[in-house]
Amino acid sequence: VQLVESGGGLVQPGGSLRLSCAASGFAFSSYAMSWYRQAPGKERELVAHITSAGDSTDYADSMKGRFTISRDNAKNTVYLEMNMLKPEDTAVYYCNPIWYWAGEIRNYDYWGQGTQVTVSS
């Protein structure tokens, strides 16, 4: 399994970025996917997730209305469109395959190297 995140960078507050995660080594279209982030000194937190078919998405409260998760199963890629970025969005962003069990999210233990997003003026 390989997950390669890209698209991060330095952006001013209020700006936008589009992250990509290219997946290989597993049947991507059969798996729900997620984005997580981890800021320095903080625990990794869930940003958004999307079902295998892409027909349902959900977001952490602080990202609703600003972030959009999507996927292209033909390209084995999941995306995270981030708008109205804030300094508190600064973190390393990771994608991760997940499954749903009893209303909760469970993580497969596959992680990429992440992509750094820095929001600063």
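Guide: Let's start in a loop: M84 lies between β8 and β9, where strands are DSSP runs of E with at least two residues, helices are runs of H or I with at least four, and both are numbered from the N terminus. Before going on, note that this is a predicted model, where local features need pLDDT of at least 70, side-chain atom pairs count only at pLDDT 80 or more, and totals for chains, interfaces and linings use all residues. Residues are numbered from 1 along each chain as its sequence is written, and side-chain values use heavy atoms, with hydrogens and water left out.

Visitor: What is the phi of M84?
Guide: Most residues other than glycine have a negative phi. M84 is not a glycine, yet its phi is positive, about 50°.

Visitor: Is M84 buried, partly exposed or exposed?
Guide: Buried means under 20% relative accessible area, exposed over 50%, and partly exposed in between (1.4 Å probe, protein chains only). M84 has 46%, so it counts as partly exposed.

Visitor: Which loop holds N76, and what is its phi?
Guide: N76 sits in the loop between β7 and β8. Its phi is positive too, near 55°, and N76 is not a glycine either. With a relative accessible area of 26%, N76 is partly exposed.

Visitor: How many helices and strands are there?
Guide: Zero helices and 11 strands. For overall size, the radius of gyration is taken over C-alpha atoms, and the globule rule is 2.2 Å times the number of residues to the power 0.38. The chain has a radius of 13 Å, close to the 14 Å the rule gives for 121 residues, so it is as compact as a globular protein of that length. Its C-alpha trace spans about 40 × 25 × 25 Å along the principal axes.

Visitor: Which residues touch the most other members of the largest nonpolar core?
Guide: In soluble globular proteins, nonpolar side chains tend to be buried together. A nonpolar core is a set of buried Ala, Val, Leu, Ile, Met, Phe, Trp, Tyr and Cys residues joined through side-chain atoms within 4.5 Å. Here the largest one has 27 residues, and W35, F67, V78, L80, M82 and Y93 touch the most other members. β3 (17-24) is one of the strands that each supply at least two residues, and β3 gives the most, with four.

Visitor: What is L80 in contact with, leaving aside neighbours within four places in sequence?
Guide: Contact means heavy atoms within 4.5 Å. The partners of L80 include L17, L19, W35, V47, F67, I69 and Y93.
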